[in-house]
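This report describes selected helix contacts and charged pairs. Please consult the sequence and the structure shown below.

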Amino acid sequence: MTDLNGNGKMDVDGAAPDAQPSKEAANGDIDEGLYSRQLYVLGHEAMKKMGSSNILVVGMRGLGVEIAKNIALAGVKSLTLFDPKPAAIQDLSSQFFLFPKDVGQARAAVTAPRISELNPYTPVKVHQSEDLTSDLSQLKQYQVVVLTDTTLKDQLKISDYCHENGIYVVITDTYGLFGFIFTDFGKNLTIGDPTGENPGTGIVAGIDESGLVSALDETRHGLEDGDYVTFTEVDGMEGLNDAAPRKITVKGPYTFSIGDVSDLGQYKRGGLYTQVKMPKILDFEPFSQQLKKPEIMISDFAKFDRPGQLHVGIQALHSFAEKHGGDFPRPHNDEDAAEVLKLTQELAKQSEEEVELDKKIIKELSYQAQGDLSPMAAFFGGLAAQEVLKSVSGKFHPIVQWLYFDSLESLPTSTTRSEEQCKPLGSRYDGQIAVFGKEYQDKLADVKQFLVGAGAIGCEMLKNWAMLGLATGPKGKISVTDMDQIEKSNLNRQFLFRSKDVGKLKSECASHAVQAMNPDLKGHIDMMKDRVAQDTEHVFNEDFWEGLDVVTNALDNVDARTYVDRRCVFFRKPLLDSGTLGTKGNSQVVLPGQTESYSSSQDPPEQSFPMCTLRSFPNRIEHTIAWAKDMFHTYFAGPAEIVNAYLTQKDYLGSALKQSGNERQTLETLRESLVTDKPQNFDDCITWARMQFEKQYNNAIQQLLYNFPKDSKTSTGQPFWSGPKRAPDPLTFDANNPTHYTFVLAGANLHAFNYNIKPTTDRQYITSVLDNMIVPEFKPDPGVKIQASDNEPDPNANGGMEDSEQLGSLAQSLPQPKAMEGFRLEAVEFEKDDDTNFHIDFITAASNLRAENYKIQTADRHKTKFIAGKIIPAIATTTALVTGLVVLELYKIIDGKTDIEQYKNGFVNLALPFFGFSEPIASPKGKYQGPDGEVTIDKLWDRFETEDVTLQQFLDDFKAKGLSITMISSGVSLLYASFYPPSRVRDRLPMKLSQLVEHISRNRIPEHQRNVILEITCEDVTEEDVEVPYVMLKLNK
C-alpha cells in the first residue's frame, strides 16, 4: 500500500503479492520475526487463542476500519467485514482505506483487500448478506461480533441473539467529539491474567511462627492484599515448597503474611517466593438489560456526571434518526437540537436512575452527531480492538460494561461555529467541518508541523493528520524525519509499511503512504532522514525551527525526546510528546510560557546489577543474561576493536595504551587475538569455543568453590552460601546436551566471523573436532583472590604498579603492525532481530549454562532476547489510542488556546483498563527584586536577549534591571567573574561578547549558528543571590 507506482497511482486492490506467511505459519507456530514486540505484551498462549478466533466487524466507516486494522495486525484466525452501504465522500474524513474513486461502491467490498495487505496471517473476507438481522443464525460462525454504525434496533436484536448463543459482542460508536463502547462477553468469562504485569519474585529472609514472611535485604516485595504466592527452596518449613498457592496479606513494604504455618515446623533459612496469577471469572449482562441499568466505567473523573447524560443522549439520537429516515441531526442545527433535548429529557424520566441533564452537553451532542473525527476513531478503535483480543485470549481485564469519553475541550473558540460554517460542502473533510466549521478547517490546513520519528506512533500520527487535512493548504507543510530503515518486526504495528518496504527509509515510505491516502498532501510533505541531534543543527537550524507552528515527538528513546524538548523550549514551540510500553501509554502537552516541559520530570534510572553479583554470585536469570551479554562483547566486539586500533593507529602502544590505564589487559588481549588464540581455520574456532566453555563453566566455578567452599562461614559465623548467594556446581561438557552444543556452535561461528574464516553448522563435523580434543585438567590456584561482596574492596583492582619488564616482554611478543598490513578483525555488532547471526543463540546458551551452574530457572531464547535486547514491548491498539489522544490536544494548540485547564495529559493502561487525565503542570516561576519592585520570571521559558554589545555595556544593561552580574560563562568557558583581578577584566570589558566567547574558548563560532547561550549568576538590589534565566546573545548573521 505504501508505494506509488510509476504512473503515480497506488497499489491498493488485492493482497500484497509479497506478503507470504513464513514457514512458522505453515506448521501452526507463531512468526516471532513479525510478532516479536507484540508477543512480549500478550505471550504465546494468548496469541494461540487469538489464532483460533473468527471475528466479524460491522460498519466500515472510520471507526470500523480502525478496529479491523488493529485486529488484522494482531493476528486472528479470520477477520470478516460487513458493510454493504455505498461509500460517501464524507466517509473519507476518517476512513483511511477509502479513496474518492470508491464513492458509490459497497464499503466492505472495497476495504477488505486493503485490510488483507496488513498481515499475511489474517485472512480477510466480506460477509455476503444484505443484512444481519433477517437471519441471525449466520452469526454463529463468529466468536466475536463488533457493531459500529448500526441502528439501536439492530444493536438490540443482534446483541440479545449473541448473548443467548455464547457469541461475544462489542458495540462502539463516535459522534464528533463524543464516543462510547459497550462489551458483553457472556457468562463465566475467565481472565487468566488480569493485569499483564510480571509476577513478583524475591528471596525470603525469614518466616516467623505467625506466618509473617520478610523479604531479604529490605527489598520491596511489590505485592498487594489478595495476591497468591508459592515457595521453593525453603529450609525448615519444607511443607511450603511447591505447595498450593497461598493467599497473602500485606503487612508492610518488606513483609507479608501467609496465614497459619503452625503445622509446618521451624523455619531455618533460604527460600524463594513467586507470585501466582489466579484466574478471575466475570459475568456480563446482555445489552438490553444494561441499556436500562448501565454499569459504567469512568474514563475521566473530572467529568463524573457526563456518562449518565450521554447514555440517554445517544439513545435519543437513535430515536431522532428513526423518526427522520435514518438521518442524525443536522450539524449545528438548533431545531434538531431542541428535538434531541426533548427526547433525552423523556428518556431520562423513564431511566431507573435519576439523570441530571446539562442542556449544553445534549445540545453539543446533537450539533456533532454527524461528526466523524479521525482521532476519536483512533481512540475507540484501539480500545475496541483490545477488548476483542481480551475476550478471545483471556489476557487482561475487560471494560465492564460501558465506557463513555468526550473531548469537548477540543472545540475551537478562535473561529466561529454556526449552521452555515458547519454545513456539508461535499468534501472529504465534511465529517470534521460538521464539528469544527469551515473556518477552523482552513486554519488547520495552513499549519507547519514537524514530526520527529516515523515508526509506530509516527505512522498513526501521519494517518490522523492526512484524515484531518492538516497542512494541505497553501502555507501548510509537514516535515518528517527518521533515520531508520524498515525491519520485519515493524510490520506488526507500523501499519503504513508492507513486507516489500523492508530495508527502505521509514520517513519516505510513510510519507508516500499518507499522500496516497489523501492526495491533497502532495507537495506538502518534506521527507528527511537525519536524526535530530546536536550534530545536525546545521540541518535543523534556526530558520527551520523558527518556521514551525507545532512539533510532535514520535520517538522511543529518552535522550532524543529530551533533545527535541530542549530545542522546543529554546525556540518556544509547542510540543506534543507521547510514548507506549505494551498496554501502557501516555501523552504530554508542552506549551510555551505555560507548562513544564518533557525534561522537567524524569523516569527512574535503568536497573543495574552490582558487579560482584554478576561476576560470582548471580541469583536471578537477569543476572546471568547481563553476564552473558557482557561476555558476548568481551569475546566478539572488544578484542577486534583493540586489534584494529593497534594495527592502524600510529604508536598505539606508546600513546593510546598508556592513557587507557589497563595496559596489561590490553596487551594480553592483543597477544591472544594475534598470537596464542589466532585461528588458522574453523577447527581452531571450534577448539577455542570448547575451551571457553571449560574456562567459564568448569574452571571458574571450581576456583570459586576452592576460595569459598560450600561449608564456609562468614566472619559472623553465618553460612557464606546463604541468602542471595547460591552455591554453584561445575558443569561437565556433553556434546549431546543442546545448550552445551549451541554454546560451542554459536561461539565458533562468531569467532570465525571475527577472523573472516568460512564457518560451518555441520553437526557431524563439529562433533568430530570436539571428540579429538584434549582438554587439560584444571587445578585451582591458591594465589587467586575473589571479591566476596560489593561492600569489600576488589582485591584485583589496582594490583600494584605494572611490572614494566613484564609489559615490555608482552609488547615484544606481538607481531609488528607493518608485518600484518591489510589484516583486520571484523568486530561483531550486536543485532537482536536477525535469527541467523548466532548473537541471541550465543547469549541464550551462555546465560543458561551459568543458570545451570547456580541452579537458577533458565530462560528460553524468546525471553533472553527480550532482556538482552532491551526490547520495548508494543501493540498496535495502544499506539492507535494514544495517538488519538495526542491529536485531540493538537486541535487545541492550533486553535491557540492559552488556558492550561483546557489541556489534558493522559495516562492509559489498556490491560486494567485504566484512564487518567490531568491538566499539565505549570512551569516553575521565580522572583527577584528590581529597581521598580518585584519581578516574576518563568524559570523554564523566560530568557534575557542581548545584541552583540561589549562586555561593559552588557554589565551596565543588567545593572539597569537591578541585577549585578557576578559570573558569565558560555559552555565550559568562564568569560567574566567579579572576583577576577582588575588587570584581567580590563582587557575584556571593551570586547564584544562574540569576540570574548571566541577569545576565551579558542574556537570560532560555527557559521550556521545565529546565537550563543550565556549563563549568568546575579545578585538583585537586595544583594541576594537570585536564580535567573539564561541569556541569548543574538549574532545578527
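Which side chain meets that of lysine 463 in a salt bridge?

The model is predicted. In it, the side chain of lysine 463 forms a salt bridge with that of glutamate 66, at 2.6 Å from N to O. Lysine 463 belongs to helix 14 and glutamate 66 to helix 3, so the pair ties together parts 397 residues apart in sequence. Lysine 463 is buried, at 0% relative accessibility, and glutamate 66 is buried as well, at 1%. Over the whole structure, 57 salt bridges are found.

A salt bridge also joins arginine 107 and aspartate 91, with an N to O distance of 2.8 Å. Arginine 107 lies in helix 4, whereas aspartate 91 lies in the loop between strand 2 and helix 4. Arginine 107 has 5% relative accessibility and counts as buried; aspartate 91 is buried at 2%.

## Packing of helix 2 and helix 10

Helix 2 (residues 32-50) packs against helix 10 (residues 374-393) at an angle of about 90°, and their axes are 8 Å apart. Helix 2 is therefore roughly perpendicular to helix 10. Leu42, Ala46, Lys49 and Met50 of helix 2 meet Gln386, Leu389, Val392 and Ser393 of helix 10. The residues of this contact comprise 5 nonpolar, 2 polar and 1 charged.

## Helix 19

Helix 19 (residues 621-636) contains 16 residues and reaches 22 Å from its first C-alpha to its last. Its buried residues include Ile621, Trp627, Met631 and Phe636. The buried residues of helix 19 pack against several helices, among them helix 18, helix 20 and helix 23.

Note on methods. Residues are numbered from 1 along each chain as its sequence is written. This is a predicted model: local features need pLDDT of at least 70, side-chain atom pairs count only at pLDDT 80 or more; totals for chains, interfaces and linings use all residues. Side-chain values use heavy atoms; hydrogens and water are left out. Axes are lines fitted to C-alpha atoms, for helices over the stretch in contact, and angles run from 0 to 180 degrees between N-to-C directions. Helices (H or I, at least four residues) and strands (E, at least two) are DSSP runs, numbered from the N terminus. Angles under 35 degrees count as roughly parallel, over 145 as roughly antiparallel, 65 to 115 as roughly perpendicular and the rest as oblique. Contact means heavy atoms within 4.5 Å. Ala, Val, Leu, Ile, Met, Phe, Trp, Tyr, Cys and Pro count as nonpolar, Asp, Glu, Lys and Arg as charged, and the others, Gly among them, as polar. The expected span of a helix is 1.5 Å times one less than its number of residues. Buried means under 20% relative accessible area, exposed over 50%, partly exposed in between (1.4 Å probe, protein chains only). A salt bridge is a side-chain nitrogen of Lys or Arg within 4 Å of a carboxyl oxygen of Asp or Glu.
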